[in-house]
Amino acid sequence: METFTDVLLVTANVGSLFDNVGEIQNEWLQELYMTVHNHNPQFIALHFQEVGGKDYMVNMGHAENFFRDIDSSEEMKDFDRVCIYVDNQFQAEDSFTALGSLYFIRKTLKNIYQYDFNVKDFKAVSGRNKHVGPLEGVATVEKEKFPKNFWPDFKWSRKGFMRTRWIIQNQALDLVNVHLFHDASNLVACSSSPSIYSANRKNALRYVINRISDSRYTLLPFVVFGDFNFRLDTRSLVQHLSTAADMQTVKNECNNEVEKIICEEKDTDQQVLLRVEDKLFVYLHPAVFQENNGSAFLKYDKEVAAFHDVIKEEDIEFPPSYPYSEEYTKPTQYMNTRCPAWCDRILMSHSAQDFIYKGEDGEKCVVYNTVGPRVCMGDHKPVFLFFSLKTSDH
């Protein structure tokens with residue numbers, strides 16, 4: 001007999017929580033708990049990136065308190081089995097990813113098993129299993145930092161992936177936490193289409209998919225969710241935004257490299273319509289990125305298209321998830337640092353999407369949205385996917 005298990009997947013780049021300790025954390029958690037309460041899932045997966053923030057050497061202790069707060073909260077008391085994996089070993093430069101994956105199983109949900117990658121078999125999940133520290137010896141998680149020689153021209157950073165493997169009511173699947181490379185310079189991103197950064201992310205995601213699909217273990221349906229750092233095709237977008245403007249590039253006198261791109265309106269006012277620098281992206285009409293949830297800009301969101309042969313995604317009906325203001329009083333405003341983009345995503349293999357119950361007669365069974373749209377959540381709005389997983393009760 002076919003049954004259904006309600007599942008909530010959440011991805012959140014939480015760097016801002018630790019770079020601004022105490023300022024936004026309480027409301028951030030309340031928004032998370034409200035999402036849990038509203039959807040009442042039986043299984044929750046939380047994938048965090050940038051645990052500890054930019055100043056992780058100082059703030060990693062706050063991160064441990066943050067995870068403890070979630071685990072011990074009144075709002076999560078109905079979840080009697082917990083698996084927590086946090087890579088906080090910043091001293092180990094060769095392997096540190098700053099990823100954290102938390103899984104919560106409600107008391108009413110039976111038949112939950114987790115894979116042991118050493119003995120290559122599933123074991124029933126029981127109790128509260130917390131692994132905060134070095135994860136190399138933990139048999140139920142597979143973690144990897146992207147190799148240093150991947151892109152020798154770029155700074156090596158704490159980017160990588162973390163995989164766990166589950167059986168939920170007889171349905172097996174991999175859950176993969178991922179953090180890909182960002183755009184270091186808006187000007188470099190503008191110089192080609194696709195950008196060099198986009199090419200790096202494409203290589204990295206293909207690497208992850210190959211690793212979780214290789215012959216070491218049985219191939220399973222998978223869901224990859226995290227901060228992919230996907231950006232809009234910046235060159236094409238800048239050309240579009242400046243069609244009714246005069247564009248000029250300002251170059252450095254010493255090395256002749258572009259320092260600024262300035263687009264001025266052609267009318268008598270000659271207002272600056274768009275200004276782009278390495279870490280500056282200022283558009284005169286920023287509200288357009290939120291009109292109709294930014295749908296006019298989805299055509300510039302091209303990076304996932306290269307993976308349509310293996311990956312699917314629910315329709316995006318929420319505004320770009322990054323870069324929101326980190327100021328408590330400006331929860332819906334974007335910062336003027338980067339072009340807004342849908343960085344935070346939940347992607348799945350074709351075989352995984354086949355197990356999502358889509359409903360009958362137009363009923364809305366799948367919800368793909370942001371957490372805390374009206375509250376300051378840091379520079380990234382967390383993104384969640386709620387759905388009913390087709391399972392069986394035998």
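Modeller: Let's start with a definition: two strands pair if DSSP finds at least two bridges between them. Strands (E, at least two residues) and helices (H or I, at least four) are DSSP runs, numbered from the N terminus. This is a predicted model, in which local features need pLDDT of at least 70 and side-chain atom pairs count only at pLDDT 80 or more, while totals for chains, interfaces and linings use all residues. Residues are numbered from 1 along each chain as its sequence is written, and side-chain values use heavy atoms, with hydrogens and water left out.

Biologist: Thanks! How do you know that β12 and β13 pair?

Modeller: DSSP places 7 bridges between β12 (residues 245-251) and β13 (residues 258-265), which run antiparallel. The definition asks for at least two, so these strands pair. Among the partners, Asp 246 bridges to Glu 264 in β13, and Thr 249 stands opposite Ile 261.

Biologist: Which strand does β13 pair with over 4 bridges?

Modeller: That is β14 (residues 272-277), again in the antiparallel sense. Glu 264 has Val 272 of β14 as its bridge partner.

Biologist: What makes β12 and β15 edge strands?

Modeller: The open sheet has 4 strands in the order β12-β13-β14-β15, with antiparallel pairing. β12 and β15 (280-283) each have a single partner strand, so one side of each is left without a neighbour in the sheet. From one strand to the next, the twist averages 10°. Angles run from 0 to 180 degrees between N-to-C directions of lines fitted to C-alpha atoms, for helices over the stretch in contact.

Biologist: Which helix lies across β12, β14 and β15?

Modeller: Helix α6 (residues 234-241) does, running at about 160° to β14. Contact here means heavy atoms within 4.5 Å.

Biologist: Why is Thr 243 called exposed?

Modeller: Buried means under 20% relative accessible area, exposed over 50%, and partly exposed in between (1.4 Å probe, protein chains only). Thr 243 has 58%, so it is exposed. This residue sits in the loop between α6 and β12.

Biologist: What makes the approach of Thr 243 to His 240 a polar contact?

Modeller: The side chain of Thr 243 reaches the backbone oxygen of His 240 at 3.1 Å. A polar contact is a pair of N or O atoms within 3.5 Å; within protein, one must be able to donate a hydrogen and the other to accept it, and residues adjacent in sequence count only if both atoms are side-chain atoms. The distance of 3.1 Å therefore falls within the cut-off.

Biologist: What is the strand order in the sheet of 7 strands?

Modeller: That open sheet runs β7-β3-β4-β2-β1-β19-β18, with mixed pairing. Its edge strands are β7 (128-132) and β18 (367-370), each pairing on one side only. The twist averages 15° from one strand to the next.

Biologist: Which helices pack on this sheet?

Modeller: Helix α2 (residues 25-39) touches β1 (2-13), β2 (43-49), β3, β18 and β19 (383-392), and its direction makes about 165° with that of β1. Helix α3 (residues 56-72) touches β2, β3, β4 and β7, at about 170° to β2.

Biologist: And why is His 62 called partly exposed?

Modeller: His 62, in helix α3, has 33% relative accessibility, so it falls between the two cut-offs.

Biologist: Why is Thr 391 called buried?

Modeller: Its relative accessibility is 5%, so Thr 391 is under the cut-off for buried. Thr 391 lies in strand β19, and its side chain makes a polar contact with that of Thr 5 at 3.3 Å.

Biologist: Finally, how do you know that the protein is as compact as a globular protein of its length?

Modeller: The protein has 7 helices and 19 strands. Its radius of gyration is 21 Å, close to the 21 Å from the globule rule for 394 residues, so it is as compact as a globular protein of that length. The radius is taken over C-alpha atoms, and the rule is 2.2 Å times the number of residues to the power 0.38. Of the 394 residues, 56% count as buried.
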